[in-house]
Amino acid sequence: MPTKSRSHSSSPAKKTGGPKTPQKRSSSAKPTKKEVDILSPAAMENIYYISHNAVDCLEFRGFGWPNSKKKKKKKGTKPKKK
């Protein structure tokens, strides 16, 4: 007996790919925000490694100069040759 090969058109019923509804979180599972101490030893060690001077340190902590303009580096600009 020769076996018949099935064509793709006679495949079993397709699964429906309906839109999935996102699961709602309960209101009691809200994450609580914890107040962060910017003068803690861990925070002071981090600022020691990322800031280069006192001005950088204050800017990282959110105490920058009020009317200062931030420097923007232009990438890919070269002086034109004449």
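The following dialogue examines how several terms apply to this predicted model.

Trainee: Why is the pair formed by Tyr 48 and Tyr 49 called edge-to-face?

Mentor: The ring centres of Tyr 48 and Tyr 49 are 5.1 Å apart, and rings count as a pair if their centres lie within 6.5 Å. Their planes stand at 80°, and planes over 60 degrees apart count as edge-to-face. The pair is therefore edge-to-face.

Trainee: How many aromatic pairs does this rule give?

Mentor: The rule gives one aromatic pair. As for accessibility, both Tyr 48 and Tyr 49 are exposed.

Trainee: What makes Ser 51 buried rather than exposed?

Mentor: Ser 51 has a relative accessible area of 16%, and buried means under 20%. Ser 51 is therefore classed as buried.

Trainee: Where does Ser 51 lie, and which residues does it touch?

Mentor: Ser 51 belongs to the loop between helix 1 (41-50) and helix 2 (54-60). Leaving aside residues up to four places away in sequence, Ser 51 touches Asp 56, Cys 57 and Phe 60.

Trainee: Why is Ile 38 called partly exposed?

Mentor: The relative accessible area of Ile 38 is 36%. Buried requires under 20% and exposed over 50%, with partly exposed in between. Ile 38 is therefore partly exposed. Ile 38 is placed in the segment before helix 1.

Trainee: Which residues make the nonpolar surface patch?

Mentor: Ile 38, Leu 39, Met 44, Leu 58 and Phe 63 make this patch, which covers about 500 Å².

Key. Residues are numbered from 1 along each chain as its sequence is written. This is a predicted model: local features need pLDDT of at least 70, side-chain atom pairs count only at pLDDT 80 or more; totals for chains, interfaces and linings use all residues. Side-chain values use heavy atoms; hydrogens and water are left out. Rings of Phe, Tyr and Trp (its six-membered ring) pair if their centres lie within 6.5 Å; planes under 30 degrees apart count as stacked, over 60 as edge-to-face and the rest as tilted. Buried means under 20% relative accessible area, exposed over 50%, partly exposed in between (1.4 Å probe, protein chains only). Helices (H or I, at least four residues) and strands (E, at least two) are DSSP runs, numbered from the N terminus. Contact means heavy atoms within 4.5 Å. Patches are made of residues with over 30% relative accessible area and no salt bridge: like charges are joined within 9 Å, nonpolar side chains (Val, Leu, Ile, Met, Phe, Trp, Tyr) within 5 Å. Accessible areas come from the Shrake-Rupley method with a 1.4 Å probe; for residues, only the protein chains shown count as cover. A salt bridge is a side-chain nitrogen of Lys or Arg within 4 Å of a carboxyl oxygen of Asp or Glu.
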